[in-house]
Every structure is written in structure tokens, then in C-alpha cells.
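Me: I would like to learn how to read a structure of this kind. Please take me through its features one at a time.
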Amino acid sequence: MQRSDQKESEQSVDDVLSGMSRERDGATPTSSSGSSGGGRLSGLFSPRAFLAALLLSIGGLLVGGAIPLVGFLGRFAGIAAAGFLLGLVGSKRHYTEVVLAGAIAAGLAFVLSTLFAVFAPFAVQLLADYGVAIAGVGAASGGLAALVGHYFGRDLRNGLTQEL
């Protein structure tokens, strides 16, 4: 939404991604059966939005982890910032994609940081005994950080675009 005297000059991420989809699908013939092709759950998960969320989550995790004194907490701040950014610029809700991407990025980061932070034979034994729990804690905390970030990004977008 915008005021009537303003023109919309920026495209959202969803508009750009759907434009790329239309260009690619324009060369392929479409079926004339009249069905939408997606089924009942077609709007629930977008692979392109998931890939964008995963790349941004990994980037936020790396940048947040590079901050010297708050590296561990900075990882989650980076994942939350990635979710916030996607919520701010996206015109549609992508909670599923953002939470899944944050969970995967943080779960892998927890396992890899455990593997490389401890003496190798001890780390392998630790991961063999508690690897699923370590990955689960990482995935849950990363998914929660991404969810909170995406929620606040969507909330800010709604506040900025709502007419007074």
C-alpha cells in the first residue's frame, strides 16, 4: 500500500522471483487442463524463497559469527536479521521457508562448531553420543531466531505501508 500521491518504485523480492519464473515458463508449453498445477498446498512452500532464505541465513550466520566478543550470540542475530530482511522486503508471508532455513543453518553450524572446536577424537565421540541433541538445540534456536526476525520484519513492513 502507498499513498495516492506516491508511485511505487521498488519491486519486492516476490515480484522479482515471480518475474523470473514467468520468463522461464514462457518458453515451455502449458497444459490446457485448467488446473492450477499446484494442488492444495501450492502456496504453502516456495523453493525459491527457501533458497533465498537459506543463503541469507548462512550469510547472516557467518557475518554474525565473525563479530569478536559476541560471536556465538551474533550467529543468532545474523539469522534473525536475515529473517527480518526477508520479512521487510517480501510482499508475501514466508514463515515456513524462513524458519526451515534458519533451523538448517543453525543446526549445521552447531554440529560443525562442535566438531572443529574440540579435540578431534573427543569431538567425534561427543557427536556420536549427543549429535542429534546438539543439532536439535541448534535447529530449534535458529528456527526461533528466524521466526522472530521474520515476524518483526513483516510487522515493520505493515507499519510502513499502512495508510494513516
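Me: What should I know before reading any values?
Reply: This is a predicted model, in which local features need pLDDT of at least 70 and side-chain atom pairs count only at pLDDT 80 or more, while totals for chains, interfaces and linings use all residues. Residues are numbered from 1 along each chain as its sequence is written, and side-chain values use heavy atoms, with hydrogens and water left out.

Me: What is the mean pLDDT of the chain?
Reply: pLDDT is the predictor's confidence in each residue, from 0 to 100. The mean for the chain is 81, and 74% of its residues reach 70 or more. Contact means heavy atoms within 4.5 Å. Where pLDDT is low, the predicted coordinates should not be read in detail.

Me: How many helices and strands does the chain have?
Reply: Both are DSSP runs, numbered from the N terminus: helices are H or I with at least four residues, strands are E with at least two. The chain has five helices and zero strands.

Me: Where does UniProt place the feature "transmembrane region"?
Reply: UniProt positions are given in the numbering used here, feature names are shortened, and annotations may be inferred rather than shown by experiment. The unreviewed UniProt entry puts this feature at residues 49-67, 73-91, 98-124 and 130-152. In the model, residues 49-67 are 89% helix and 0% strand, with end C-alpha atoms 27 Å apart. For residues 98-124 the figures are 93% helix and 0% strand, with the end C-alpha atoms 30 Å apart.

Me: How do I read the packing of H3 and H4?
Reply: Axes are lines fitted to C-alpha atoms, for helices over the stretch in contact, and angles run from 0 to 180 degrees between N-to-C directions. Angles under 35 degrees count as roughly parallel, over 145 as roughly antiparallel, 65 to 115 as roughly perpendicular and the rest as oblique. The axes of H3 (residues 71-89) and H4 (residues 95-117) come within 10 Å and cross at roughly 160°, so the two helices are roughly antiparallel. Residues of H3 including Phe72, Arg75 and Ile79 meet a set in H4 that includes Val98, Gly102 and Ala106.

Me: Which angle do H2 and H4 make?
Reply: H2 and H4 pack at about 40°, their axes 8 Å apart, and are therefore oblique to each other. Among the residues making this contact are Ala49, Phe50 and Ala53 of H2 and Glu97, Val98 and Leu100 of H4.

Me: How far apart are the axes of H3 and H5?
Reply: They are 6 Å apart, at an angle of about 35°. The contact involves, among others, Gly83, Phe84 and Gly87 of H3 and Gly149, His150 and Gly153 of H5.

Me: Is His150 buried or exposed?
Reply: Buried means under 20% relative accessible area, exposed over 50%, and partly exposed in between (1.4 Å probe, protein chains only). His150 lies in H5 (residues 120-161) and is buried, with a relative accessible area of 0%. Leaving aside neighbours within four places in sequence, His150 contacts Gly83, Phe84, Leu86, Gly87, Arg93, His94, Tyr95 and Val98. Of the 164 residues of the chain, 29% count as buried.
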